[in-house]
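Open the model in your viewer and keep the selection panel to hand. This tour goes stop by stop: what to select, then what is there.

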Amino acid sequence: MANLRSVLHAWRESEAAKKGVELFRVLPNSAIDEIVRAMPKTKEELTAIKGIKEAKYNQYGAAILNMVKEGGGAETPKAAFGQKPDEITAISYIVDGMVLPKPKEERMLYSVSTYLDIVNRELWRMRATVKGEVTSFKEQGKAVYFSLRDAEDGSMLSVFMWMSDFALAGITLAEGLEVILEGRSEIYKPSGRFSFRAETIELVGEGAFQKAYNELKKKLELEGLFAPERKRQLKEHPIRIGLVTSRSGAVIHDFLNNLGRFGYHVVFVDSRVEGAGAVKDILAALTLLESKDIDVLVLVRGGGSLESLQAFNNEHVVRKVATFPAVTICAIGHDKDVPLVQLVADYAPSTPTATTILLNASWEHTIHELQTLSRGLIVRFEQDVWRMQDALRTVSGELETRLDVLIQPFRLLITSFNDSVLLLARQLSSKKDELHYSSKTLLEQYRQQRRFVLEALASAARSVQQNDPLRQLKLGYSILTHGGKVVRSIADIAVGQSFDARLSDGTLVVETKEKHPINDK
Amino acid sequence: MPKSTANITEMMKKLRAITEWFESQEEIDVEKGIEKVKEGAELIKASKERLKELENEFEDVKKKLGDND
């Protein structure tokens, strides 16, 4: 079905160009996909497809059904050409698309229109890039017409180009200028004229590019598009990055590898970045990203000559970047002349790696700042607290000094009181010693006195013993008593009278017989 | 993801405000200072954790020349 799809795409492209509208306005991609899938044969089947309503049917219905019929015809060759294909031919239909089956028996008769359609479809498959000199250039309405002349043998190719595509190239054509065209050929059915329908046009040669570059640069500069005050500041901690570059090539890897891990969300749109064809691609990518919520647009590619970088010096691309809603970073490797997109971009680092450094900067700064802060915040507060502690110490020291002055008399009192108590204690202690000493003396004196008394008593006892009358009685003495009275004189007793004589072992009762006084005086 | 980054940016803003507060104080209010230090420490911790979690995402968007994107 590749052929039907291609046919529909080609048809849509020319319809859109004729009407000067965007492709989806003729038929959205989804509708084309659906037509290829459903192969509608009737109005009902066609209008059942989303995106094709009554109005669209009235405009394009017949053409679409016709294309489906022809495209589908190739799929069922039996119906179209009355011939049952073997398996190999069936496969070749699918692989090659519009290979014309050769009728073996019947001669095929085409109407002019159908034949041209078939030829045009064949031509459509032959996309080519052609180089030559411009001649007989003219603008007419929505298109430009000119011829391309072979510089060697003067062969001519008539060229048709939609004004919109031509304007995109941003070049001015002059007689004899060498250009490179990219596109397909077609026979214009109303006139039968063969022409090359160019999609892109680019100038050949450094000189031409240099001239175009200088002119555009001067023009944009005059408009103030490069002014420093136009530059916007990249926000802190960018996250959503719209990335436009080629999927193939080292640049995207350099960029992604050096992009730090900071939770970036990269919205990537693959785009050609080489040659004139890159212009459409980049513009489409930028248009797509304009509607996305992104913090920053990154447009990168590796180095190249002025010629290979022409898309980045294209007026449309440059203006699109200049008016892009988000902050723009363009890193386009270059030799001498700075690509104009770099001049209008908010940032123009030299390499993809430098771009990542720019994007990472605020993140890395934050990490560093966090480290400093996590130390600094505490230290700062600590210092404050220390300072306060110092102040407190000073104040409390002063208070102490003042208090000292107040307390001093009391302190003196206490000291003298303590001294007195000490003195008293000492005195008491000495009294105690004294008492102790004197009590000892007293005891001694008492003991001595007692000894003296005892000795006196003993001597008295001895003398009493010596003078005991009973002792005298034992020695032979006796005590005479009369009427209870001791008889000391002979006068005390009359002769004849009795008296008691006390001896040591008893008493004798004696009678006086005579008296004999003693005269010894 | 954009929500969490807003957080980092927000948290950094708050942290810077705290630093400025400390710098602007002639005579420090200890009670408030403790509060700020506590808040700051929490913000630092949260920010560091947030940074650790961050992973990049890659979204490959196809542009369709014929679609109304």
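**Start where the chains pair**

Select A:V266 and B:F58: A:V266 stands opposite B:F58 in β1(B). Before moving on, note that this is a predicted model, where local features need pLDDT of at least 70, side-chain atom pairs count only at pLDDT 80 or more, and totals for chains, interfaces and linings use all residues. Residues are numbered from 1 along each chain as its sequence is written, while chains are lettered from A and ligands numbered from 1 in the order in which they are written.

Helices (H or I, at least four residues) and strands (E, at least two) are DSSP runs, numbered from the N terminus. Strands pair if DSSP finds at least two bridges between them.

Now select β7(A) and β1(B) whole. Five bridges join them, and the two strands run parallel.

**The sheet across two chains**

Which order do its strands follow? The order is β9(A)-β8(A)-β6(A)-β7(A)-β1(B), an open sheet of five strands with parallel pairing. Colour the edges next. β9 (327-332) of chain A and β1 (57-61) of chain B each have a single partner strand, so one side of each is left without a neighbour in the sheet. From one strand to the next, the twist averages 20 degrees. Angles here run from 0 to 180 degrees between N-to-C directions, with axes fitted as lines to C-alpha atoms, for helices over the stretch in contact.

Step to β6 (residues 240-245) of chain A. Six bridges tie β6 to β7 (residues 265-270) of chain A, in parallel. Pick A:I241: A:V266 in β7(A) is opposite. A:V266 is also the residue opposite B:F58.

**The helix over the sheet**

Select helix α15 (residues 352-466) of chain A. α15 lies across β6, β8 (296-301) and β9 of chain A, and runs at about 155 degrees to β9(A).

The α11(A) and α15(A) axes come within 8 Å and cross at roughly 25 degrees. That makes the two helices roughly parallel; angles under 35 degrees count as such, over 145 as roughly antiparallel, 65 to 115 as roughly perpendicular and the rest as oblique. The crossing of α11(A) past α15(A) is right-handed, meaning that the near helix is turned clockwise from the far one by less than a right angle.

Show the contact residues. A:V251, A:D254, A:F255 and A:N258 of α11(A) meet A:P352, A:T353, A:T355 and A:T356 of α15(A). Contact means C-beta atoms, placed from the backbone, within 7 Å. By class, this contact has three nonpolar, four polar and one charged residues. Ala, Val, Leu, Ile, Met, Phe, Trp, Tyr, Cys and Pro count as nonpolar, Asp, Glu, Lys and Arg as charged, and the others, Gly among them, as polar.

**Chain B and its interface**

Select chain B alone. Its secondary structure comes to two helices and one strand, in the pattern α-α-β along the sequence. Of its 69 residues, 16% are buried, that is, with 20 or more other C-beta atoms within 10 Å of their own, the C-beta atoms being placed from the backbone.

Bring chain A back. Here 35 residues of chain B are in contact with 34 residues of chain A. On the chain B side, α1 (2-24), α2 (30-53) and β1 each supply at least two residues. α1(B) gives the largest share, ten residues. That side of chain B divides into 16 nonpolar, ten polar and nine charged residues.

**The barrel in chain A**

Select β1 to β5 of chain A. They form a closed barrel of five strands, β1-β2-β3-β5-β4, with mixed pairing. Neighbouring strands are turned by 50 degrees against each other on average, direction ignored.

Zoom to β3 (residues 156-162) and β5 (residues 193-203) of chain A. This pair is parallel, over three bridges. What is the bridge partner of A:F160 in β5(A)? A:R197.

Select β12 (residues 498-503) of chain A with β10 (residues 479-482). They pair in the antiparallel sense over three bridges, and A:T481 stands opposite A:D500.

β12(A) and β13(A) are antiparallel over six bridges and form a hairpin with two residues between them. Within this pairing, A:F499 has A:V510 as bridge partner.

**Zoom out**

Finish with chain A entire: 16 helices and 13 strands. Buried residues make up 24% of its 521 residues.

Conventions
Contact = placed C-beta atoms within 7 Å. Buried ≥ 20, exposed ≤ 12 C-beta atoms within 10 Å, placed from the backbone.
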